[in-house]
Amino acid sequence: MSDLHSGFREDFVEAPVKSAVYRYHAAAIAAVALAGILFQVYVPRFVTYLSYLEMPLLITVYFSLMRRAPVVGVLYGALIGLAQDSLSHNPLGMFGIVKTLVGYFAASASLRFNVENPGIRLVVSLFFCFFHQVLYWVLGRALLGEALDLDIATTLVVSVLNALVAVPLFHVLDKLKVPV
């Protein structure tokens, strides 16, 4: 009976799936981050309909997901957030704090999920866009005492739109991968 039991277990045990390891050139990461921040700052001045796009957030989520290391996700989030703060009219550190937390949680989530799947990328992007907006609202009220408005319906619509932009953007950014 024990032979039957051990044979049954061997037949149905699957080997863990290893994902391919990639890296990115530091110059490519810096150029993409800078392009996202400049997009966020300048493009809405000319095309107001694009003001809902949060490109620095999407770039933070992408590089945090692909790197699969929470410490690196924290660094990506902090650097991109502080750079965005320095070019915006917002108090210095607000985007830095929020994007640091998003980078950490995105990198942590990538340890559990196959983030190469476009459906997973859509859901993860939707979640982190919504999380970013809510966390920014919480920090603005708690740390700065500002009376910021949070309209859940608008936040959800903006999160869906950003997630729909994220999937093709992530596909384009996948082209920057360099196999190790």
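In which helix is the place of Gly 73? Gly 73 is located in helix H4, helices being DSSP runs (H or I) of at least four residues, numbered from the N terminus. The model is predicted, with local features requiring pLDDT of at least 70 and side-chain atom pairs counted only at pLDDT 80 or more, while totals for chains, interfaces and linings use all residues. Residues are numbered from 1 along each chain as its sequence is written, and side-chain values use heavy atoms, without hydrogens and water.

Leaving out residues up to four places away in sequence, Gly 73 is in contact with Ser 64, Gly 103, Tyr 104 and Ala 107, where contact means heavy atoms within 4.5 Å. The C-alpha atoms of Gly 73 and Ala 107 are 5.6 Å apart, at a sequence separation of 34 residues.

The axes of H3 (residues 55-67) and H4 (residues 70-87) come within 9 Å and cross at roughly 165°, axes being lines fitted to C-alpha atoms over the stretch in contact, with angles from 0 to 180 degrees between N-to-C directions. The two helices are therefore roughly antiparallel (over 145 degrees). Residues of H3 in this contact include Phe 63 and Ser 64, which lie on the H3 side, and those of H4 include Gly 73 and Tyr 76.

Ring pairs link Tyr 24, Tyr 62, Phe 63, Tyr 76 and Phe 170 into a cluster, a pair having ring centres within 6.5 Å. Tyr 62 is buried at 0%, and Phe 63 is buried at 2%.

Conventions: Parallel < 35°, antiparallel > 145°, perpendicular 65-115°, else oblique. Buried < 20%, exposed > 50% of the residue type's maximum accessible area, 1.4 Å probe, protein only. Phe/Tyr/Trp six-rings, centres within 6.5 Å; stacked < 30°, edge-to-face > 60°.
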